[in-house]
2 protein chains.
Amino acid sequence: MDKKVREDVHTTGVPTLCQACDARHRGVCGALNTNQLVTLSKHSVRRKLDPGTELVGEEQDVSQYSNVIGGVVKLTKMLSDGRQQIVGLQFAPDFLGRPFSRSSRFSAEAATDVELCSFSKGLIDRMIDESPDLEHKLLEQTLKELDEARDWMLTLGRKTAAEKVASFLHLIAVNVDPEASESEGPITFDLPLTRADIADFLGLTIETVSRQLTKLRKDGVIHIENNRHITVPDIERLNDRASL
Amino acid sequence: MDKKVREDVHTTGVPTLCQACDARHRGVCGALNTNQLVTLSKHSVRRKLDPGTELVGEEQDVSQYSNVIGGVVKLTKMLSDGRQQIVGLQFAPDFLGRPFSRSSRFSAEAATDVELCSFSKGLIDRMIDESPDLEHKLLEQTLKELDEARDWMLTLGRKTAAEKVASFLHLIAVNVDPEASESEGPITFDLPLTRADIADFLGLTIETVSRQLTKLRKDGVIHIENNRHITVPDIERLNDRASL
DNA sequence: GGGCGGCGTTGATCCGTATCAATCGGCCCG
DNA sequence: CGGGCCGATTGATACGGATCAACGCCGCCC
């Protein structure tokens, strides 16, 4: 579809939904036509969530889809005895929601401050029916998530604690600042997750995560400030630790 | 599309491609129109593979898609030092292939005797462009695989060896004989994987897999004949062991 | 028939990560 | 200012699964 047309939509007083959504061309809105955009904009809500806010519970019915505008959303599954595993992290501008299924198989929770653009599921489902572009976009995002999930299965099943933590840092570096991680030179970023979340993502305990982080720090692979702020002087050394 | 039409295709001398593909409505062929079916049938090859045959290598270019007609295909990823992880199992009538990407991110290998129906990637990619139904089918299969991958991440990250093995048996039971696992009474099936493959799927060693299987046998949860043939007298007891 | 190789089981030991416990620092609130 | 809470770190110990090693079973081929 034509970029100019979509700009017109926004400049004629329609809410700012899609300026954010397709900022990096992965939100659903890039695949909609003008009419659909206008309709969607009228029925969408922009909202901010505090860390820990639950968006959808496991097995719970879902009536909303969302685009992640900012922050990180964690997708978690839990066993009956409380053991927990994070099965995915959604960064801006990921799409959040499971087409063709009424209930969610995991819970979605804000890991950081999160900014969302939410809209009714039924509306999008109807648009999917009439718009192949939208379905194509969804297929691409789903395939990407599947690739990521499978990559992570290798990490969960076969890597040591040290490699897992290094892999995690690499993943965060790539996702919070894709440009910086491409170029040369030191990379710095803030961890969007607590130690407990990192442990749940890696299938480890908080103590092991903490120990491995201090080991990386003592070995000079990373610098840590205020528990959250990370500097990686040489990304290659980190990748070696991650067995990438 | 109309069932009668498709039957006509087959009864008028066109190869049997799609009788198998849409047997359980998950192959791609169920979403094609008559013209596409005829074209595809002309350009498709049915073939049998021995266990261990590699279909696609990791990072290798893919020029073929396939439907799995029978047997089990394992998708594996490997680290540079040889550690291996199975990231997915494909049963009939799953679709095998990664749209929108020229190279595969994992290798695909026959775990058992496998029967396939293969066709050129370019042909299907063109049909995807012109047929929303096909894309819809692919999206559904991809979503299903994503759900399965995320379920397995919980198993890999948070379950004990005993729970992993029980979870694996449950998964196989459900996939090789979906009907039997729904109804009451004992379930029996053949393991499609060697102990080494099971270990690679579960992120364990063969020794641990073996020990956990004998433990389940000694506890009367399963019976084993000839290393491969399994009987589960009471599926509930197995599920308990799997923490399902 | 006998040897051999692949697959699986079982035993002894080791090591990595979990568990339990204590402490620290920052932050909020009384 | 002091107390209490939460997240993180660090230390001591326990334990589950990996590793190393030996052996059994079975089919295949010389």
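Chain A and chain B bury about 4300 Å² between them, and carbon and sulfur atoms carry 61% of that area. Buried area here is the accessible area, found with a 1.4 Å probe, that two parts lose on being put together, summed over both. Please keep in mind that this is a predicted model, in which local features need pLDDT of at least 70 and side-chain atom pairs count only at pLDDT 80 or more, while totals for chains, interfaces and linings use all residues. Residues are numbered from 1 along each chain as its sequence is written, chains are lettered from A and ligands numbered from 1 in the order in which they are written, and side-chain values use heavy atoms, with hydrogens and water left out.

Let us stay with the two chains for a moment. Chain A brings 43 residues to the contact and chain B brings 43 residues, where contact means heavy atoms within 4.5 Å. On the chain A side, Arg150(A), Met153(A) and Arg158(A) lose the most area to chain B, together 19% of what that side buries.

What kinds of polar pairing link the chains? There are 14 salt bridges between chain A and chain B, a salt bridge being a side-chain nitrogen of Lys or Arg within 4 Å of a carboxyl oxygen of Asp or Glu. One to look up in the viewer joins Asp151(A) to Arg105(B), with the closest N and O atoms 2.3 Å apart.

Which elements of chain A face chain B? S4, S5, helix H5 (132-158) and helix H8 (195-202) of chain A each supply at least two residues to that side. H5(A) gives the largest share, 21 residues. Helices (H or I, at least four residues) and strands (E, at least two) are DSSP runs, numbered from the N terminus. By residue class, the side of chain A that touches chain B divides into 19 nonpolar, 9 polar and 15 charged. In this grouping Ala, Val, Leu, Ile, Met, Phe, Trp, Tyr, Cys and Pro count as nonpolar, Asp, Glu, Lys and Arg as charged, and the others, Gly among them, as polar.

Now turn to chain A by itself. Its domain assignment gives domain 1 (16-138) and domain 2 (158-243), with bounds that come from an automatic or database domain assignment. The C-alpha centres of domain 1 and domain 2 of chain A lie 27 Å apart, and 10 residues of domain 1 are in contact with 11 residues of domain 2. The area buried between these two domains is about 940 Å², with 61% from carbon and sulfur atoms. Ile86(A), Leu89(A) and Phe91(A) supply 48% of the area that domain 1 of chain A buries against domain 2 of chain A, more than any other three residues.

The rule finds 1 salt bridge across this domain interface, along with 4 residue pairs in polar contact. On the side of domain 1 that touches domain 2 in chain A, strand S4 (72-78) and strand S5 (84-91) each supply at least two residues. S5(A) gives the largest share of that side, 5 residues. That side divides into 5 nonpolar, 3 polar and 2 charged residues.

A few local details deserve a look. Most residues other than glycine have a negative phi, and most peptide bonds are trans. The peptide bond from Ala92(A) to Pro93(A), however, is cis, with omega near 0°; Pro93(A) sits in the loop between S5 and strand S6 (95-96) of chain A. In chain B, the bond from Ala92(B) to Pro93(B) is cis too, with omega near 0°. Phe100(A) has a positive phi of about 65° although it is not a glycine, and its place is in the loop between S6 and strand S7 (107-110) of chain A.

Finally, how confident is the predictor? The complex gets an ipTM of 0.90 and a pTM of 0.90. The mean pLDDT of chain A is 86, and 89% of its residues reach 70 or more; pLDDT is the predictor's confidence in each residue, from 0 to 100. Over residues 1-17 of chain A the pLDDT is below 50. Where pLDDT is low, the predicted coordinates should not be read in detail.

Notes:
A polar contact is a pair of N or O atoms within 3.5 Å; within protein, one must be able to donate a hydrogen and the other to accept it, and residues adjacent in sequence count only if both atoms are side-chain atoms.
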